[in-house]
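Visitor: I am new to this structure and would like a close look at one part of it. Please pick a single residue, describe its surroundings, and then say how the rest of the model can be read.

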Amino acid sequence: MHKYFFKYFSLFIITVFYLGCMAAQETDRNIQNKRKITVEKPDLEDIKEKTLDPKSPFYFPKLMAKYTRNDTVMTNEEYRYFYLGYMFQEDYDPYRTSPYSGVTDELRLKSSHTKEEIDTIRKYAELSLRDNPFDLRQMSFLVHVLKEKRKDMSAKIWEYRLEHLLGAIKSTGTGEDIENAWFVIYPVHEYDLVKLLGYEATDADFIEPAYDYLTVRPDEETQRRLRDKVAQGFYFNVGVPTQQYVMKHPELWEEEEEAGEY
């Protein structure tokens, strides 16, 4: 009897282990699917409607509350609505800069920092992000100093946010032509994205009615990896930011038109 019990108990253990492995693999696949970015041109009317509707799961204040929690539960779709939906919020201004964003510019150029310098950079990066939660550059600085300070958990949370906000931009197109231009809520995000992709912007042109084209050159690693497939430039759709800029700063728009900047 003990012999048969041991035999069937062993089979039971093996079966449970096998099913556990299968479940773990399925969980891994689900995680990968959640992280996978689907590229699709955004329906801005749908995004506007849902981020302004209190009954919608994509209502902007709901997404903001979820975003500011210290966790990593937001999906790629939620990040997409969160990022693009900000363009339709009352306080959105595509060219507003935080008074805190440039305070530590000189410190950040240094290769290493003292404890006091790290604390200063962190302080102003956090102040800037409270003022503008979509300041990707300050977010990148904050991740860097948190790692220097060995605040690894906080660094991971901010790194997750940065990665998924950039992913929201990448989900809007390929950047290869006007039809597949990437949508950005701030023109400065154009430069942040091309840097992430391993390029440096060397020139910029505005193309009527609402596109920016950045001419780029690859860094050494990108040149080596892509060889003859390196991009010469990328297209960005700035339709909504341009409209908002004209609405909120008509006097500046007129001055730029007179100066021939557009």
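Guide: His164 counts as buried because its relative accessibility is 8%, and the cut-off for buried is under 20%. This is a value from a predicted model. The residue belongs to helix α8, which covers residues 152-170. Within the protein, the side chain of His164 reaches the backbone oxygen of Tyr160 at a distance of 2.9 Å. Leaving aside residues up to four places away in sequence, His164 touches Asn76 and Tyr79.

Strands of a sheet pair through backbone hydrogen bonds, and they may do so parallel or antiparallel. β1 and β4 run parallel and are joined by two bridges, with β4 made up of residues 233-237. In one of the pairings with β4, Phe183 has Asn237 as its bridge partner.

As for confidence, the mean pLDDT of the protein is 84, and 80% of its residues reach 70 or more. Residues 1-34, however, have a pLDDT below 50, and this stretch has one contact in the model beyond near neighbours in sequence.

Terms used. Residues numbered from 1 in each chain as written. Heavy atoms only, no water. pLDDT = per-residue confidence, 0-100. Contact = heavy atoms within 4.5 Å. Pairing = 2+ DSSP bridges. Helix = DSSP H or I, 4+ residues; strand = E, 2+ residues; numbered from the N terminus. Buried < 20%, exposed > 50% of the residue type's maximum accessible area, 1.4 Å probe, protein only. Polar contact = N/O pair within 3.5 Å; in protein donor to acceptor, adjacent residues only side chain to side chain.
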